[in-house]
Amino acid sequence: MRQKIVAGNWKCNTNLQEGIELAKAVDTVVASKGADDVVVVLGTPFTHITKVVETVNTERIGVAAQNCAAEAKGAYTGEVSAEMVKSTGANYVILGHSERREYYGETSETLNKKLALALENKLTPIYCCGEALDIREAGTQNAFVKKQLDETIFKLSSDDFKKIAIAYEPIWAIGTGVTASSEQAQEIHAFIRGTIAEKFGNEIAEGTSILYGGSCKPSNAKELFANKDVDGGLIGGASMKAEDFIGIINGF
Ligand code: PGA
């Protein structure tokens, strides 16, 4: 059985104190109500990671950075390396989020460097892909996503590929309140799994966790997660309230 994952992406929200309060609240509800076959991950700002690692039960909750540097170390003012992230006790890193691609010019080339460094430092990358509205309207989303995969994670060795999770996040659904329908999600997740099977074989494809992201909330998580190729979610807005987040986790 492949791993079910529900990961929160706090983005650039919460100061340190608020972040710790949120982590504590999630930790408490996960301990009391969380389905224990689901890996729960908190994607916090860099400044919060160490404290969040100390705050939560890390046997139960993983901690993720939302990015890492494309270089291992050196004169790159303001950057945070994969090794630094790992040294805090975090074990995941979100890579290739559409906001980073769009606002910070992240290309496939940059992402390949980040993926390599994350894997070298034993961080599990949650690799994001997904199309903008015009591409969805033109009906070319599958080809678009396939190209994103071809240029990045499909270049990994099969041993490395097995260590990553994928998040399909249609840009038109992120933070908009418009969620992909259950059918739309299943259709493209199945497509992604099919392309993984073509590239790396069935066994690896069946073992890869593919998360859905984009306005996922307690009211729609159950329907989305019921799909055979949807293995969890990457949650932005609804991860900012512990009760909503746990509501999503319990969507399984
Ligand atoms: P959202 O964000 O849940 O607020 O739509 C998801 C994401 O950007 O990862």
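## Before you start

You're looking at a predicted model, where local features need pLDDT of at least 70, side-chain atom pairs count only at pLDDT 80 or more, and totals for chains, interfaces and linings use all residues. Residues are numbered from 1 along each chain as its sequence is written, and side-chain values use heavy atoms, with hydrogens and water left out.

## Where the ligand sits

Find the ligand and you've found the second largest pocket. A pocket here is worked out on a 1 Å grid over the protein atoms alone, as an open set of points where a 1.4 Å probe fits, with protein on both sides within 12 Å along at least five of seven lines. A molecule sits in a pocket if more than half of its atoms lie within 2 Å of the pocket's grid points.

Which residues are the closest to the ligand? They are K11, H97, E169, G175 and S215, out of 13 that surround it (a heavy atom within 4 Å).

Now zoom in on the polar contacts (pairs of N or O atoms within 3.5 Å). Backbone atoms do some of the work: a backbone N or O atom of G175 lies 2.7 Å from a ligand oxygen, and a polar backbone atom of G237 is 2.8 Å from a ligand oxygen. From the side chain of N9, an N or O atom is 3.4 Å from an oxygen of the ligand. On its own the ligand has 280 Å² of accessible area, and the protein covers 96% of that (Shrake-Rupley method, 1.4 Å probe).

## K11 and T14

K11 is in the loop between β1 (4-9) and α1 (16-33), and T14 lies in that loop too. Helices (H or I, at least four residues) and strands (E, at least two) are DSSP runs, numbered from the N terminus.

Neither residue is a glycine, yet K11 has a positive phi of about 55° and T14 one of about 75°. K11 is partly exposed because its relative accessibility is 22%, and T14 is partly exposed with 22% as well (buried is under 20%, exposed over 50%, partly exposed in between; 1.4 Å probe, protein chains only).

## S239

Next stop: S239, in the loop between β8 (232-235) and α12 (242-249). S239 counts as buried because its relative accessible area is 1%.

The side chain of S239 reaches the backbone oxygen of G236 at 2.7 Å. Leaving aside neighbours within four places in sequence, S239 is in contact (heavy atoms within 4.5 Å) with G8, N9, W10, L22 and F245.

Technical notes
Polar contact = N/O pair within 3.5 Å; in protein donor to acceptor, adjacent residues only side chain to side chain. 1 Å grid on protein atoms, 1.4 Å probe; cavity = no way out; pocket = protein on both sides within 12 Å on 5 of 7 lines; lining within 4 Å.
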